[in-house]
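Colleague: Thanks for making time for this. Please take me through the model one point at a time, starting with the terms I will need.

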Amino acid sequence: MRRIRIIPVLTLQNEKLVKTIRFKNPTYIGDPINAVKIFNEKEVDEIVILDITATKEKREPNYAKIEEIASEAFMPFAYGGGITNIHQIEKLFKLGIEKMVLNSILETNMDLVKEAAKIFGSQSIVASIDVKKNVFGKEQAYKISGSTKINLPLVEYIKQIEDAGAGELLINSIDRDGTYQGYDLELIKQVSSSVHIPIIACGGAASIDSFLPAIQHGASAIAAGSMFVYTGSTRGILINYPKQEDLVSKVYKQL
Amino acid sequence: MITIINYNAGNIKSIQNMLKRIGAKSCISGDAKEIEQAEKLILPGVGHFDYGMRNLQESSLIDVLNKKVLLDKTTLLGICLGAQLLGNRSEEGVEAGLGWIDMDVVKFDENKLPKNLKIPHMSWNEIMIKKQSNLLEGLTNESRFYFVHSYRLKCNNENDILATTNSGYEFTSAVEKENIFGVQFHPEKSHKYGMRLLENFVNV
């Protein structure tokens, strides 16, 4: 049986958990530490926490808050938001973060990936790419929480990131974010067939049934936001995670 | 008191966080004199084999560790790279390992893996327990742990194998020889399973 990592992605704004739809309208969910404590009990595979306003506000990662969250995270913990240099990465490692999520810095400073991968290993560097379709249906990468377009064509961009030494790609569909429409399977297929490193698919998950098609289209791991913080598309707040036996029967044993 | 060895090659804080959670006292030290006094030792580690060995050499810790582990028989747990360093050598580099357990560290054979399994092996996985051990008390073959590694342990003496794991093919995921334990996975990031393992280590 092959296990696939199923990863909640939590977005942070001013130390509070929020959830967006198509990267807009952040809605308050709760306290990140409480959420992480609940995710511990649910035995989640891994957790990604993204500070979605750090880069916009041109500030550093909020180390105090991150340390507090990390001290409660007994699962692999990836952090992203506002990371621009190697000293920050080193500092974050010392706080107990295993993986660094780089996004907005990639276009202008791919060398940071190289440098960080050399020191800390590729396995600890996750490149996060936010993707949106343009009016012609063509996929385009974005940075700074989806606000700024990246000039390179998507495939060229991700190949550069792979060459620089990133360990994985977190591919987030802006169009599907918070929509419960299922993953963008074409996007997953396109990206995973262009690079050799593992793809973490994110954006659009509605339920456990969304996972299998994404994996079959090339995702090596699965991430989701709304589905793990809401009870369903009615969006009642409830931190949740599939039961292990359901993941085994509905996902792992189907692979 | 458990001393977590600081040689600038490991995610020390996560280990300390979990020890704190289970109520075990720990300290972090890269100082030979302090390590000399340790009741129990954890050798963490993330990264390249040679980088790990060179850091141990540069921190002048190898003599004191040899004394503690081989003469004083202090209980030691190696985690991830820390487990690999217990062996003779690694295909990853050229440096000699600590040589406390007769094993080599070899790369995963990609030709033997199914196409959809990538290296590094970064995944949760079960263990298959091969011998009875205090370290695995209360854990079963259903217990899951988090792995992230590209190289694996290969014991020359089957008696040293404590557990194996299957990821494409079966490999050694935990070793035990007298007072020395090594785990390829990360107990500090493996929820209640890792907590139990570290509790067992505290109580050994």
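Modeller: Happy to! Two residues are in contact if their C-beta atoms, placed from the backbone, lie within 7 Å. Helices (H or I, at least four residues) and strands (E, at least two) are DSSP runs, numbered from the N terminus. This is a predicted model, in which local features need pLDDT of at least 70, side-chain atom pairs count only at pLDDT 80 or more, and totals for chains, interfaces and linings use all residues. Residues are numbered from 1 along each chain as its sequence is written, while chains are lettered from A and ligands numbered from 1 in the order in which they are written.

Colleague: Let's begin with H4(B): what arc do its buried residues fall within?

Modeller: A residue is buried if 20 or more other C-beta atoms lie within 10 Å of its own, exposed if 12 or fewer, and partly exposed in between, with C-beta atoms placed from the backbone. In H4(B) the buried residues are B:Leu65, B:Lys68 and B:Val69. They line one face of the helix, because the directions from the helix axis to their C-beta atoms fall within an arc of 85°.

Colleague: Is B:Ser60 buried or exposed?

Modeller: B:Ser60 also has a positive phi, about 55°, although it is not a glycine. It sits in the loop between helix H3 (49-58) and helix H4 (62-71) of chain B. With 11 other C-beta atoms within 10 Å, B:Ser60 counts as exposed.

Colleague: Where in chain B is the proline of the cis peptide bond between B:Ile119 and B:Pro120?

Modeller: The bond joining B:Ile119 and B:Pro120 has an omega of about 5°. B:Pro120 lies in the loop between strand E6 (103-107) and strand E7 (121-126) of chain B.

Colleague: How many other C-beta atoms lie within 10 Å of B:Gly194?

Modeller: B:Gly194 belongs to helix H6 (residues 191-203) of chain B. Beyond its neighbours within four places in sequence, B:Gly194 is in contact with B:Met18, B:Phe145, B:His186, B:Pro187, B:Glu188 and B:Lys189. B:Gly194 is buried, and the number of other C-beta atoms within 10 Å is 27.

Colleague: Stepping back, what is the radius of gyration of chain B?

Modeller: Chain B has six helices and 13 strands. For 204 residues the globule rule gives 17 Å, the rule being 2.2 Å times the number of residues to the power 0.38, with the radius taken over C-alpha atoms. Chain B is as compact as a globular protein of that length, because its radius of gyration is close to that value, at 16 Å.

Colleague: Which residues touch the most other members of the largest nonpolar core?

Modeller: A nonpolar core is a set of buried Ala, Val, Leu, Ile, Met, Phe, Trp, Tyr and Cys residues joined through C-beta atoms within 7 Å. The largest has 139 residues, and those touching the most other members are A:Ile171 and A:Ile222.

Colleague: What is the bridge partner of A:Ile6 in E12(A)?

Modeller: Strands pair if DSSP finds at least two bridges between them, and four bridges join the parallel strands E1 (residues 5-13) of chain A and E12(A). In E12 (residues 221-224), A:Ala221 and A:Ala223 point one way and A:Ile222 and A:Ala224 the other, all of them buried. The partner of A:Ile6 is A:Ile222.

Colleague: Last one: how many residues does the contact take from chain B?

Modeller: Chain A gives 19 residues to the contact. By class, that side has seven nonpolar, six polar and six charged residues, where Ala, Val, Leu, Ile, Met, Phe, Trp, Tyr, Cys and Pro count as nonpolar, Asp, Glu, Lys and Arg as charged, and the others, Gly among them, as polar. From chain B the number of residues is 17.
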